[in-house]
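Please read them with the structure open.

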Amino acid sequence: MLVTKLGAWSHSPLRALVADPVREWPDKATPTDRRRLFNAVDAASGTTGFHHAIHAADTLIQRGDGPDMAMLGMLARRLADGTEPPAANVDLSVYDTFTTLNITTGEVA
């Protein structure tokens, strides 16, 4: 229903059921992006359940990713299957050892 009546979001009882990031994202999003989110949640809810779809949306929004249909659906399925790996900080400094910059010549070795 929210997909067809985007303005109903601010008065929707569904709004109270979601976490702050998911609640605030549609408030600030363009109508097109809001429609995409609601379509993605609706599609993912059909196969994984509402809880997993909203959890996936929350995860994507907190990561700074746009919750598009493909990403949200895939993540919701992984959450429902219990196969989503825990988020970990990745140390990319190991790659610094592969290249070194010669300060005097400016060449990369």
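**Notes on the model**

1. Start at the end of a helix. Helices here are DSSP runs (H or I, at least four residues), numbered from the N terminus.

2. A word on the basis. This is a predicted model, in which local features need pLDDT of at least 70, side-chain atom pairs count only at pLDDT 80 or more, and totals for chains, interfaces and linings use all residues. Residues are numbered from 1 along each chain as its sequence is written, and side-chain values use heavy atoms, with hydrogens and water left out.

3. Helix 4 itself covers residues 69-81, which is 13 residues. From first C-alpha to last it reaches 18 Å, close to the 18 Å expected at 1.5 Å a residue (1.5 Å times one less than the number of residues). Leu72, Gly73, Leu75, Ala76 and Leu79 are buried in this helix (buried is under 20% relative accessible area, exposed over 50%, partly exposed in between; 1.4 Å probe, protein chains only). The buried residues of helix 4 pack against helix 2 and helix 3 (50-63); contact means heavy atoms within 4.5 Å.

4. Now the core. The largest nonpolar core has 21 residues (buried Ala, Val, Leu, Ile, Met, Phe, Trp, Tyr and Cys joined through side-chain atoms within 4.5 Å). Val22, Leu37, Phe38, Val41, Ala56, Ala57 and Leu72 touch the most other members. Helix 2, helix 3 and helix 4 are the elements that give two or more residues to this core. Helix 3 supplies the largest share, 6 residues.

5. Look at Leu37. Leaving aside residues up to four places away in sequence, Leu37 touches Trp25, Pro26, Ala57, Pro67 and Leu72.

6. How many salt bridges does the structure hold? There are 3, each a side-chain nitrogen of Lys or Arg within 4 Å of a carboxyl oxygen of Asp or Glu. One joins Asp27 and Arg15 at 2.4 Å, N to O. Asp27 lies in helix 1 (residues 20-28) and Arg15 in the segment before helix 1, so this pair ties together parts 12 residues apart in sequence. Asp27 is partly exposed at 35% relative accessibility; Arg15 is partly exposed at 21%.

7. Two salt bridges lie within helices. Arg23 pairs with Asp20, closest N and O atoms 2.4 Å apart. Arg23 and Asp20 are 3 residues apart in helix 1, so about one helical turn separates them. Asp33 pairs with Arg36, closest N and O atoms 3.4 Å apart. Asp33 and Arg36 both lie in helix 2 (residues 31-48), 3 residues apart.
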